[in-house]
Amino acid sequence: MPGKLPQEFTLSGLRKGRASVAVVTGAGIDAEAGIPTFRGDQGFYEDKEATYLASVNALEAEPSRVWHWYLKRFVSLHDTHPAHSHFALAKLEAELDEKFLGVITQNISGLHRKAGSQKVFEIHGCIQEMRNLKTGERQPLPNSWVESPPADEELISWRPNVCFFGESYDGFPLPEAEEACNSCDIMLVIGTSGVIPTPVLLSEMAQLSGAVVVNINPHPGKVDKVADMNFRGTAAEYFQEFFYHDQN
Ligand code: APR
């Protein structure tokens, strides 16, 4: 088992329910469901066009092109099933009840909700949602768009409800996420490189409120330095205890 954590910070330690827990997740947990991470080998952003099309400049300059790129991602993620680690977090939430303060995710895949998690703060938005440019009203993308994409006329008054590069977090649940960080005893940070500094800032915020931050990542990254302890393994290895029970 990679890197031994003190018992109280292991999954079985958390399940004793003595501590309130908040969780921050990144692309690493979605990687277990087959979705490439953003950085690293074969990362999503190896394709420079992706970095441009995920920017607010592209959204303003070429909304139709951005929409059609996003619709491809929407379709590709539509039938993706959550991984064991997503289900493990939903199970931990159910067990800890009010002691589970929420999953704060940078992922737009929607897999935490699909796995049954209730308290989910999608701080970068969700690919299954769109927002009306005039009213700000949010709506799910119609499933019919999986088979046949809409005409541009139908798209132009909407935008994906996702946080684009160069945009602020306005309209996304960052205040609720910060509330969870300020109130937890233990914060797990799972599968994020911290290249986008939000997980690092949320970790520092949690520590300032007296929480212990446990970073779960098989590779070193920017969260290492702020975390109180690093579990050098995968999310699946951290949640192994749940899987073991499921298999027997
Ligand atoms: N379990 C845990 N961590 C993993 C696993 C795994 N099975 N597999 C990979 N990782 C780790 C990698 O080591 C890496 O540190 O997941 C991290 C993924 O990092 P990034 O690809 O940079 O993704 P993330 O940190 O979520 O990106 C943040 O950047 O591009 C924006 O909006 C996008 O939300 C995204 C944000």
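This is a predicted model: local features need pLDDT of at least 70, side-chain atom pairs count only at pLDDT 80 or more; totals for chains, interfaces and linings use all residues.

Trainee: Okay, what is the strand order in the open sheet?

Mentor: Strands of a sheet can pair either parallel or antiparallel. Here six strands pair in parallel fashion. From one strand to the next, the twist averages 20 degrees. Read across, the order is β3-β2-β1-β7-β8-β9.

Trainee: Which strands stand at the edges?

Mentor: Look for strands with a single partner, because one side of each is then left without a neighbour in the sheet. That picks out β3 (120-122) and β9 (229-231).

Trainee: Which residue in β2 does A22 stand opposite?

Mentor: Strand β1 covers residues 21-25 and β2 covers residues 100-105. The two run parallel, joined by five bridges. Opposite A22 you'll find G102.

Trainee: What angle does helix α10 make with β2?

Mentor: Let's take the helices one by one. Helix α6 (residues 84-96) packs on the sheet and touches β1, β2 and β7 (186-190), with its direction at about 155 degrees to that of β2. Helix α10 (residues 174-183) lies across β1, β2, β3 and β7, and its angle to β2 is about 130 degrees.

Trainee: And D97, is it buried, partly exposed or exposed?

Mentor: D97 sits in the loop between α6 and β2. Its phi is positive, about 50 degrees, although it isn't a glycine; most residues other than glycine have a negative phi. Its relative accessibility is 49%, so D97 counts as partly exposed.

Conventions. Residues are numbered from 1 along each chain as its sequence is written. Side-chain values use heavy atoms; hydrogens and water are left out. Two strands pair if DSSP finds at least two bridges between them. Helices (H or I, at least four residues) and strands (E, at least two) are DSSP runs, numbered from the N terminus. Axes are lines fitted to C-alpha atoms, for helices over the stretch in contact, and angles run from 0 to 180 degrees between N-to-C directions. Contact means heavy atoms within 4.5 Å. Buried means under 20% relative accessible area, exposed over 50%, partly exposed in between (1.4 Å probe, protein chains only).
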